Amino acid sequence: MSIMTYKGYATAVEYDARDNVLVGRLMGIRDIVAFHGETVAEFEKMFHESVDGYIESCTRFGKDPEKPASGRLMLRVSPAVHCAALAASRASGESLNQWAAKAIASAAGLAAA
């Protein structure tokens, strides 16, 4: 999967074989902003126009545009939880970061990235 970014927003480039177009949606925000293009150049142009349009629409309606999550997360947990998580990550052969990302994704009902 290819990812494009613009002004801090990201989209995955996906191919729709039924309609023979590239389709995308802004990732990491609850608002639905979708677009498509027949070529990569057209898709990228529509992505940029969609981001700009989203920001302009939010401004026009007096709403702050949602910002996508950065992917960086800092947690404070008790020393006992930290110790148990370290032990579990070591037992799985993963770093604490890898183990925690899978655990959080699973708890949120998502497939681990």
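The paragraphs below pass from the elements to the sheet and then to the whole chain.

This is a predicted model, in which local features need pLDDT of at least 70 and side-chain atom pairs count only at pLDDT 80 or more, while totals for chains, interfaces and linings use all residues. Residues are numbered from 1 along each chain as its sequence is written, and side-chain values use heavy atoms, with hydrogens and water left out.

The protein contains three helices and four strands; these are DSSP runs numbered from the N terminus, helices being H or I of at least four residues and strands E of at least two. From the N terminus on, their order is β-β-β-β-α-α-α.

The four strands form an open sheet in the order β1-β2-β3-β4, with antiparallel pairing; two strands pair if DSSP finds at least two bridges between them. Because β1 (2-6) and β4 (34-37) each have a single partner strand, they stand at the edges, and one side of each is left without a neighbour in the sheet. Within this sheet, β2 (residues 9-16) and β3 (residues 21-27) are joined in the antiparallel sense by five bridges. D16 has V21 of β3 as its bridge partner.

As a whole, the protein has a radius of gyration of 19 Å, whereas a compact globule of 113 residues would have one near 13 Å; the radius is taken over C-alpha atoms, and the globule rule is 2.2 Å times the number of residues to the power 0.38. The C-alpha trace spans about 50 × 40 × 20 Å along its principal axes. Of the 113 residues, 22% count as buried, meaning under 20% relative accessible area with a 1.4 Å probe, protein chains only.

Technical notes
Buried means under 20% relative accessible area, exposed over 50%, partly exposed in between (1.4 Å probe, protein chains only).
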